[in-house]
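Hi everyone, thanks for coming.

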Amino acid sequence: MARITQEQIEQINELYLVHKNKSLVARLVGVSVASVNKYLIPGYAGKDSVEVDADFDESKITGPAEYETWQSFLDGCRLTPEEWAMLKELQGEVLI
């Protein structure tokens, strides 16, 4: 029994999206109709329908309202000396 590869699964779904015929897809890919049934992904949209935004737009990301800048947000995430001490104590307990 041959294993179905990830490439074949993708091919099954792409071909079924175009032809809407399981037996034709099975013949084209070289697998059984049962394999086509097993590996069809419900609601599969196709590789071409995925949109990738090439440029990162930081303006679409909003941080917590109380911080005016991302740097002030990051500064708020820093540990206090007391928290560092607790972390070192915990680390000593965890290390074997």
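Predicted model: local features only at pLDDT ≥ 70, side-chain atom pairs only at ≥ 80, totals over all residues.

**A quick tour of the chain**

Residues are numbered from 1 along each chain as its sequence is written, and side-chain values use heavy atoms, with hydrogens and water left out.

Okay, the overall picture. The protein chain has five helices and zero strands, and along the sequence the pattern reads α-α-α-α-α. Helices here are DSSP runs (H or I, at least four residues), strands are E runs of at least two, and the numbering goes from the N terminus. How much of the chain is buried? Buried residues make up 12% of the 96 residues. By buried I mean under 20% relative accessible area, by exposed over 50%, and by partly exposed anything in between, with a 1.4 Å probe and protein chains only. The chain exposes about 8,300 Å², and carbon and sulfur atoms supply 56% of that. Those areas come from the Shrake-Rupley method with a 1.4 Å probe, and for residues only the protein chains shown count as cover.

As for contacts (heavy atoms within 4.5 Å), take those with a separation of 6 or more: residues 24 or more positions apart account for 38% of them.

Now back to Gln-8, which belongs to helix α1, residues 6-19. Leaving aside neighbours within four places in sequence, Gln-8 is in contact with Arg-3, Val-29 and Val-31. Gln-8 is also one of the buried residues of α1, together with Ile-9, Ile-12, Asn-13 and Leu-15. And what covers them? The cover includes α2 and α3, the latter being residues 33-39.

Asn-13 is worth a stop. Asn-13 counts as buried because its relative accessible area is 2%. A polar atom of the Asn-13 side chain lies 2.8 Å from the backbone oxygen of Ile-9. Not counting residues up to four places away in sequence, Asn-13 touches Tyr-39, Leu-40, Ile-41 and Tyr-44.

Over in helix α2, residues 22-29, we find Val-25. Val-25 is buried, with a relative accessible area of 0%. Beyond its neighbours within four places in sequence, Val-25 is in contact with Ile-12, Leu-15, Tyr-16 and Val-36. The C-alpha atoms of Val-25 and Leu-15 are separated by 6.1 Å, although the two are 10 residues apart along the chain.

Between α1 and α2 there's a loop, and Lys-20 lies in it. What is the phi of Lys-20? It is near 55°, a positive value in a residue other than glycine. Most residues other than glycine have a negative phi. Lys-20 counts as exposed because its relative accessibility is 53%.

On to the other end. A search of the whole structure finds one salt bridge, and it joins the side chains of Asp-75 and Arg-78 at 3.3 Å, N to O. The cut-off there is a side-chain nitrogen of Lys or Arg within 4 Å of a carboxyl oxygen of Asp or Glu. Asp-75 is partly exposed at 38%, while Arg-78 is exposed at 56%.

Leu-79 is partly exposed at 37%, and touches Trp-84 and Leu-87, not counting residues up to four places away in sequence. Trp-84 lies in helix α5, residues 81-94, and is partly exposed too, at 45%.

Buried or in the open: which is α5? Of its 14 residues, the number buried is zero, so α5 lies largely in the open.

Last stop: Leu-79, Trp-84, Leu-87, Leu-90 and Val-94 make a nonpolar surface patch of about 470 Å². Patches are made of residues with over 30% relative accessible area and no salt bridge; like charges are joined within 9 Å, and nonpolar side chains (Val, Leu, Ile, Met, Phe, Trp, Tyr) within 5 Å.

Note on methods. Polar contact = N/O pair within 3.5 Å; in protein donor to acceptor, adjacent residues only side chain to side chain.
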